[in-house]
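Subject: Structure handover

Hello,

Here is the structure for you to take over. My notes on what turned up follow below it.

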Amino acid sequence: MTDLTWLNELLADNRIFTPQTIAYYWDGLVTTTQLVFLSLVVGLVLAVPLAIGRSSKHRWISLPIYVYTYVFRGTPLLIQLYIIYYGVVFFDGIQQTFLWPILREAFYPALIAFTLNTAAYTTEIFRGAIKATSRGEIEAARAYGMSQSLMMRRIVLPSAFRRALPAYGNEVIFMLHASAIASVVTLMDITGAARFVYARFYAPFEAFLFAAAIYLCLTFAILYFFRYLEKKLLAHLKPQSGN
């Protein structure tokens with residue numbers, strides 16, 4: 001009996017890889033993709049104005065944003081998810097409002113928690129990129145007579161986005177991995193599907209290894225996508241070979 005016999009037996013035993021269990025994993029993949037994608041898109045939309053405000057010299061603008069980013073970056077995402085998911089019912093009268101049919105579903109509290117968390121991290125990423133803008137670029141824009149808003153839109157933000165791209169790619173991967181905690185609030189994501197298969201067949205190794213393989217494939221796809229973006233958007237920074 002060789003060392004690889006157990007692996008051959010595992011591959012030959014396809015009890016847990018039935019069409020029904022594969023369907024559960026597929027539904028979990030769709031849920032995870034929707035949750036991560038929507039939270040990243042909304043978080044990015046929120047982070048851009050927040051990063052501009054965070055870079056402001058007026059403390060009455062930058063200080064509240066600093067407190068928000070400090071709180072959400074300084075506390076675990078799991079705690080934030082618990083507070084939003086379980087705490088929403090303690091608001092008086094919310095069960096009689098039009099929001100209750102939405103908030104009672106696990107997906108939307110998880111989406112709110114993930115969005116607020118990634119917006120806080122993305123705000124600080126973009127804020128650092130904005131602060132790193134070359135003074136020469138700013139002075140050149142002012143010399144052309146650009147207003148503050150026009151300079152921010154045409155010069156600062158495009159330049160900051162290119163600089164922030166590698167760090168933001170890491171944030172996207174972090175959010176993908178962090179989405180595994182969504183199953184603790186009864187959301188059937190990839191990890192939730194693996195828990196279901198484990199509970200039904202008592203096969204933790206096979207169930208969670210398959211889930212890990214799905215996360216690994218998604219991670220490689222994200223890495224490839226951001227490397228492609230970096231290659232396109234940062235091509236001008238590469239040394240040019242002499243002719």
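Predicted model: local features only at pLDDT ≥ 70, side-chain atom pairs only at ≥ 80, totals over all residues.

**Aromatic pairs**

Phe196 is partly exposed, with a relative accessible area of 27%.

The structure holds 14 aromatic pairs. In one of them, the ring centres of Tyr24 and Phe196 are 4.3 Å apart, with the planes at 45°, so the pair counts as tilted. Tyr24 sits in helix 2 and Phe196 in helix 9, so the pair ties together parts that are 172 residues apart in sequence. Elsewhere, ring pairs join Phe126, Phe161, Tyr168, Phe225 and Phe226 into a cluster.

**Confidence**

The mean pLDDT of the chain is 84. A score of at least 70 is reached by 89% of the residues. Among the elements, helix 1 (residues 5-12) has the lowest mean pLDDT, 52. Helix 3 has the highest, 94.

**Nonpolar cores**

The largest nonpolar core has 34 residues. Which members touch the most others? They are Tyr25, Leu35, Phe114 and Leu187. Two or more residues each come from helix 2, helix 4 (77-87), helix 6, helix 8, helix 9 and helix 10 (204-233). Helix 8 gives the largest share, seven residues.

**The salt bridge**

How many salt bridges are there? The count is one. Glu124 pairs with Arg54, and their closest N and O atoms are 3.0 Å apart. The pair links distant parts of the chain, 70 residues apart. Glu124 belongs to helix 6 (residues 107-131) and Arg54 to helix 2 (residues 19-54). Are the two partners buried or exposed? Both Glu124 and Arg54 are buried.

Thr123 is found in helix 6. Thr123 is buried, at 0% relative accessible area. With neighbours within four places in sequence set aside, Thr123 is in contact with Ala47, Leu50, Ala51 and Arg54, as well as Ile65 and Thr69.

Ser55 lies in the loop between helix 2 and helix 3 (59-74). Its relative accessible area is 14%, so Ser55 counts as buried. The Ser55 side chain reaches the backbone oxygen of Ala51 at 2.9 Å. Beyond residues up to four places away in sequence, Ser55 touches Arg127, Ile130 and Lys131. The C-alpha atoms of Ser55 and Phe126 are separated by 9.5 Å, though the two residues are 71 apart along the chain. Phe126 is also one of the residues in the aromatic cluster.

**A backbone point to check**

Most residues other than glycine have a negative phi. Which way does Thr186 go, positive or negative? Thr186 has a positive phi of about 70°, although it is not a glycine. Thr186 lies in the loop between helix 8 (148-178) and helix 9 (190-201). Its relative accessibility is 62%, so Thr186 counts as exposed.

Best wishes

Technical notes. Residues numbered from 1 in each chain as written. Heavy atoms only, no water. Salt bridge = Lys/Arg side-chain N within 4 Å of Asp/Glu carboxyl O. Helix = DSSP H or I, 4+ residues; strand = E, 2+ residues; numbered from the N terminus. Buried < 20%, exposed > 50% of the residue type's maximum accessible area, 1.4 Å probe, protein only. Polar contact = N/O pair within 3.5 Å; in protein donor to acceptor, adjacent residues only side chain to side chain. Contact = heavy atoms within 4.5 Å. pLDDT = per-residue confidence, 0-100. Core = buried A, V, L, I, M, F, W, Y, C linked by side-chain atoms within 4.5 Å. Phe/Tyr/Trp six-rings, centres within 6.5 Å; stacked < 30°, edge-to-face > 60°.
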